[in-house]
Each structure stands twice: as C-alpha cells, then as structure tokens.
Amino acid sequence: MEKGILFMIIPCYNEEEVLRTTIDRLGLKLNSFIESGMIDEKSRLVFVNDRSKDHTWDIIKEANKGSHQILGIN
C-alpha cells in the first residue's frame with residue numbers, strides 16, 4: 001500500500017517567541033509519523049508568514065536551511 005504525503009500548513013503571525021519550539025515539536029511529530037510508516041518521507045511542514053512585524057520570517061528561513069522538510073511562504 002502506498003503511503004500518503006502529508007503537508008502540515010502552519011499560519012504564523014508574530015510568532016518569534018514560540019516559533020522555534022513549534023518547529024522542533026512539529027518536526028519530531030512529522031518524523032515519528034514517517035519512521036512508523038504512516039506517511040511518506042516526502043511529507044513537509046509549511047509555515048506561512050502572514051505579514052509578521054517581528055522576526056518570524058527570519059526564523060522560518062533559518063529552519064528551511066536546516067531541514068528539507070520545512071518550507072516557508074512569505
């Protein structure tokens with residue numbers, strides 16, 4: 001049976017204080033789903049920056065550089 005690909009869409013607005021923790025926790029969850037065979041390894045976390053006035057977008061870009069599983073939309 002073919003595994004499904006999951007894209008988790010996370011809207012972000014001025015999230016700099018909690019975003020790194022969110023990225024870490026969701027990344028662990030995504031990896032556990034992949035490792036257990038529930039979803040395909042092509043699955044991704046997609047963070048959508050909604051005109052944040054803080055450093056939210058910078059954090060998303062940094063996370064994207066560190067992981068192919070994290071995508072960002074600004």
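The chain in this predicted model exposes about 5200 Å² of surface, and carbon and sulfur atoms supply 52% of that area. Of its 74 residues, 32% count as buried. The chain holds two helices and three strands, which follow one another along the sequence as β-α-β-α-β. Here is a friendly walk through the parts, starting with the whole chain and ending with individual side chains.

**Overall layout**

- The C-alpha trace spans about 45 × 20 × 20 Å along its principal axes.

- The three strands make an open sheet in the order S1-S2-S3, and their pairing is parallel.
- Strand S1, at residues 7–12, and strand S3, at residues 70–73, stand at the edges; each has a single partner strand, so one side of each is left without a neighbour in the sheet.
- From one strand to the next, the twist averages 20°.
- S1 and S2 run parallel and are joined by six bridges.
- In that part of the sheet, Phe 7 stands opposite Arg 44 of S2.
- Strand S2 covers residues 44–49, and four bridges join it to S3, again in parallel.
- If you want a pair to look for in the viewer, Leu 45 has Ile 70 as its bridge partner in S3.
- S2 is mostly covered, with five of its six residues buried.

**The helices on the sheet**

- Helix H1, formed by residues 19–35, lies across S1, S2 and S3 and runs at about 155° to S2.
- Helix H2, formed by residues 56–66, packs on the sheet as well and touches S1, S2 and S3.
- The direction of H2 makes about 145° with that of S3.

**Salt bridges**

- How many salt bridges are there in the model? The count comes to two.
- One of them pairs Arg 20 with Glu 62, whose closest N and O atoms are 3.8 Å apart.
- Arg 20 belongs to helix H1 and Glu 62 to helix H2, so this pair ties together parts that are 42 residues apart in sequence.
- Arg 20 is partly exposed, at 43% relative accessibility, and Glu 62 is also partly exposed, at 49%.
- Lys 61 forms a salt bridge with Asp 58, and here the closest N and O atoms are 3.7 Å apart.
- Both Lys 61 and Asp 58 lie in helix H2, three residues apart, which is about one turn of the helix.
- Lys 61 has a relative accessible area of 39% and is partly exposed; Asp 58 is partly exposed too, with a relative accessible area of 39%.

**A nonpolar patch on the surface**

- Which residues form the nonpolar patch on the surface? They are Ile 5, Phe 7, Ile 9 and Leu 71, and together they have about 370 Å² of accessible area.
- Ile 9 is found in strand S1.
- Is Ile 9 buried or exposed? Its relative accessible area is 56%, and residues over 50% count as exposed, so Ile 9 is exposed.

- Lys 42 lies in the loop between H1 and S2.
- Lys 42 counts as exposed, with 53% relative accessibility.
- Which residues does Lys 42 contact, leaving aside its neighbours within four places in sequence? Lys 42 is in contact with Ile 5 and Phe 7, and both of these residues belong to the nonpolar patch.
- The C-alpha atoms of Lys 42 and Ile 5 are separated by 6.1 Å, although the two residues are 37 residues apart along the chain.

Note on methods: Residues numbered from 1 in each chain as written. Predicted model: local features only at pLDDT ≥ 70, side-chain atom pairs only at ≥ 80, totals over all residues. Heavy atoms only, no water. Pairing = 2+ DSSP bridges. Axes fitted to C-alpha atoms, helices over the stretch in contact; angles between N-to-C directions. Contact = heavy atoms within 4.5 Å. Patch = residues over 30% accessible without salt bridge, like charges linked within 9 Å, V, L, I, M, F, W, Y side chains within 5 Å. Areas by Shrake-Rupley, 256 points an atom, 1.4 Å probe, with all protein chains shown as cover. Salt bridge = Lys/Arg side-chain N within 4 Å of Asp/Glu carboxyl O. Buried < 20%, exposed > 50% of the residue type's maximum accessible area, 1.4 Å probe, protein only.
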